[in-house]
Amino acid sequence: MIDIDQQMRLADSPFAAFRTLPHANRVCGPVFAGSGDIGGADADYILGGLLLDCRATKDPRRLGREEIYQLAGYLLLDYDDQFGINQVGLYLSRQGGLITWQTADFLRRLGTSAPLPQLRTQLRQHLHEAARGTTSG
């Protein structure tokens with residue numbers, strides 16, 4: 001119980017601005033247009049264009065490739081830009097740390113210079129071809 005109380009207190013400052021957003025700009029558990037293409041996927045939050053994944057790890061140094069790729073996957077599964085995601089981030093609840101990137105910078109750091117709409121189209125096409133068994137190598 002003490003751990004949960006501490007996490008709630010730590011969240012006060014990082015989430016203060018999010019609490020002031022209009023209700024329509026605070027989406028909990030968003031499901032993306034492409035979620036069904038991978039058997040279901042929903043993120044934690046989208047807050048005013050920020051795709052936010054919350055992590056309760058005691059050792060944030062253990063966060064790595066898997067967590068970053070999960071964020072990238074969510075970002076790309078919003079095929080039609082329904083949520084207007086312009087930032088992605090991680091919230092570390094036990095440390096009260098909020099880490100965010102602009103989407104273009106995030107994708108560049110992952111090694112791509114292709115624009116987000118193109119990446120989303122490519123992923124959609126790949127997943128649909130894979131489902132039909134027609135993926136080209």
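This is a predicted model: local features need pLDDT of at least 70, side-chain atom pairs count only at pLDDT 80 or more; totals for chains, interfaces and linings use all residues.
Modeller: Residues are numbered from 1 along each chain as its sequence is written, and side-chain values use heavy atoms, with hydrogens and water left out.

Biologist: How do you know that the span of helix H2 agrees with what it should be?

Modeller: The expected span of a helix is 1.5 Å times one less than its number of residues; for the 13 residues of H2 (residues 65-77) this gives 18 Å, and because the end C-alpha atoms are 18 Å apart, the two values agree.

Biologist: What makes Arg55 count as buried or exposed?

Modeller: Buried means under 20% relative accessible area, exposed over 50%, and partly exposed in between (1.4 Å probe, protein chains only). Arg55, which lies in strand E3, has 18% relative accessibility and therefore counts as buried.

Biologist: Why is Leu90 called buried?

Modeller: Leu90, a residue of strand E4, has a relative accessibility of 4%, so Leu90 counts as buried. Of the 137 residues of the chain, 35% count as buried.

Biologist: What makes the pairing of Arg55 and Gln70 a polar contact?

Modeller: A polar contact is a pair of N or O atoms within 3.5 Å; within protein, one must be able to donate a hydrogen and the other to accept it, and residues adjacent in sequence count only if both atoms are side-chain atoms. The side chains of Arg55 and Gln70 are joined by such a contact at 2.6 Å.

Biologist: Which residues does Leu90 touch, not counting those up to four places away in sequence?

Modeller: With contact taken as heavy atoms within 4.5 Å, Leu90 touches Leu52, Asp53, Arg55, Ile68, Leu71, Gly97, Leu98, Ile99 and Trp101.

Biologist: Which residues of H2 are buried, and what do they pack against?

Modeller: The buried residues of H2 are Glu67, Ile68, Leu71, Ala72, Tyr74, Leu75, Leu76 and Leu77, and they pack against strands E3 (50-55), E4 (87-92) and E5 (97-102) as well as helices H3 (103-109) and H4 (116-132).

Terms used:
Helices (H or I, at least four residues) and strands (E, at least two) are DSSP runs, numbered from the N terminus.
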